[in-house]
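Hi,

Here is the model I said I would pass on. Have a look at it first, and then read my notes below.

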Amino acid sequence: MTEETEWDIIVIGGGLAGLTSGAYLAMAGKSVLLLEQQDFMGGCCGSYSTGGHHVPAATHMVHDPGLINGILVELGAEEVTFTPPDPVFEVTGPCPGKTLIITQDQEIFERSAKGLVTDAARENVSQGLHRLIELSRQIYYETKSLPLESPELMSFFKRLFLGISMQRKLPMSMQYGRMPVQQFLSSIFPGVEMQCLRSAIRSAVPLRGARALDLLQLLGNVVEGNVFYPDKGVESLIYSLNACFRSHGGVIRTGAKVTSVNVAGGQVTGVTLADESTIRGDNVLSTIDMKELFFALLPDKGAPGLFREKLAKIPLSDSYFTVNFSTTRSPGTTSERRKGVLVVNPAVEEDALFTSDEADLVSLFIHFPKPELDRMQDGRSLVQIMAPVRFMHEDNWHSGPQCEKTGEYIEFKNQYADTLIKRADVVVPGLSSQIMDIAVATPVSYRSCTGNDEGAAYGWRRPRMWRQKVPYTHGLYLAGHWTYPGPGVLKTMMSGKNASRIILSGT
Ligand SMILES: Cc1cc2nc3c(=O)[nH]c(=O)nc-3n(C[C@H](O)[C@H](O)[C@H](O)COP(=O)(O)OP(=O)(O)OC[C@H]3O[C@@H](n4cnc5c(N)ncnc54)[C@H](O)[C@@H]3O)c2cc1C
């Protein structure tokens, strides 16, 4: 069945990128239909209902709240409030009984770092740490000078000028972008007596194959006081954008899985849904997994073979195993300000971190929301344990060939969650005794919940610079963490804003 309405723009995907772009386009007076396959909005930033509670898909830490709210203000959406965690990370594990406190307060950071080495090595810790912080600051300002605006929106001369000035401005980012993080840490904190410290610092960057640049960017944000939790969870951004999109006249349909983008004579004509209904539209903006778009949704000739071959080979980011539970214990009340992430590091050797997916060897990131900021009314707090893991583990977590959630899958997932909770209990004693509802997500859940191949949390492993206006099919555009400027809350919102500007400018 073909529906009568013909839309100016059909947006596929109701995550941050889809909602942001949709809101800009609707505000500009376009007729916009947003299609979301799930019954809930938000994608990676959504929340789902289980056991009578809303559970976030993932606790998010964000940077640049001013820029995030700047977009909301531009759109006329309700702003959200943010709180900086203090400290940002507390890393336990590599040396029994010792904790590294990664915080903006350099004195506390340094004192805790010295606690992880022998007396003889303490002087070198001060030197190394000052160097690390200095480099992090420089990288922070280098990174800040990068435009968030898509290069497609710039004139030829602006792009040329930018390219030249970037080459001058970004020498450090290029140097540290190539260097493995272990090699970098060994040069700053050399010797076996510093191993525990190196391992504790390394564990704050939950990426396989991380580069020195990843660490320096993260620490740059910490030392410059640019790490925040959205007070009401990242879902509050989704609620705000959702309301704003609708207020500008945008239309949302949930439970609407797009199975094909229809093209005639090289021009987009609309989309077909899983229920076989067809919707007409001159432009389609896709925010979904690019492989899904180019391999499953577009007709065979939607893109040249070479492009498709290249796409197939690009490595994806890792996924997460997440345990959400509510507890009557209040682990967040130890500080007046909101507590940050407790990192449980299982390995003394930094090379061994983020190499295994076994439940007793993965690193844990435990988030404790501050109770009064939590939306639960009955005195309970929500705690989230996240472990960066791969989709490939144990034949895709013992799910069936089509990733069905079989009995074996459920049993394995529950055992895995139990092990993580027991490990968390060692560092937060009594945590497991007061657990109430539990909700668990594996990479298989993230895959089905977002449609992202292998449940990839951040899209590609390294950000790519695709053109957001697809050159092969007229009327097809891209946004989201698969495109420039990359993954994360602000950047995916920016990609949505950029895409809307490209569409509106008719370039
Ligand atoms: C576990 C986890 C932790 C993270 N932590 C952080 C963090 O701390 N800080 C940070 O900045 N970022 C974090 N991120 C990354 C951040 O959430 C993402 O980069 C960002 O939300 C991506 O938004 P998006 O709109 O591009 O894509 P998505 O959120 O993936 O949205 C895509 C939407 O498209 C829908 N869809 C897919 N296929 C179809 C189809 N065929 N038809 C219709 N709809 C479809 C999906 O259901 C989904 O809603 C995290 C991500 C995860 C998963």
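First, a bit of bookkeeping: helices (H or I, at least four residues) and strands (E, at least two) are DSSP runs, numbered from the N terminus, and two strands pair if DSSP finds at least two bridges between them. Residue numbers start from 1 along each chain as its sequence is written. Keep in mind that this is a predicted model, so to speak of local features we need pLDDT of at least 70, and side-chain atom pairs count only at pLDDT 80 or more, while totals for chains, interfaces and linings use all residues.

Now the hairpin. S10 and S11 form it with 2 residues between them, and Gly 265 in the turn has a positive phi of about 60 degrees. The pairing of S10 (residues 258-264) with S11 (residues 267-273) is antiparallel, over 6 bridges. Across from Ser 260 you'll find Thr 272 in S11.

On confidence: pLDDT (the predictor's confidence in each residue, from 0 to 100) has a mean of 90 for the chain, with 94% of residues at 70 or more. Residues 332-337 fall below 50, yet have 12 contacts in the model beyond near neighbours in sequence (contact: C-beta atoms, placed from the backbone, within 7 Å). Residues 371-375 are also below 50, again with 12 such contacts.

As for domains, whose bounds come from an automatic or database assignment, there are domain 1 (2-81 + 232-314 + 461-505), domain 2 (102-223) and domain 3 (318-453). The C-alpha centres of domains 1 and 3 are 28 Å apart.

Cheers

Notes:
Contact = placed C-beta atoms within 7 Å.
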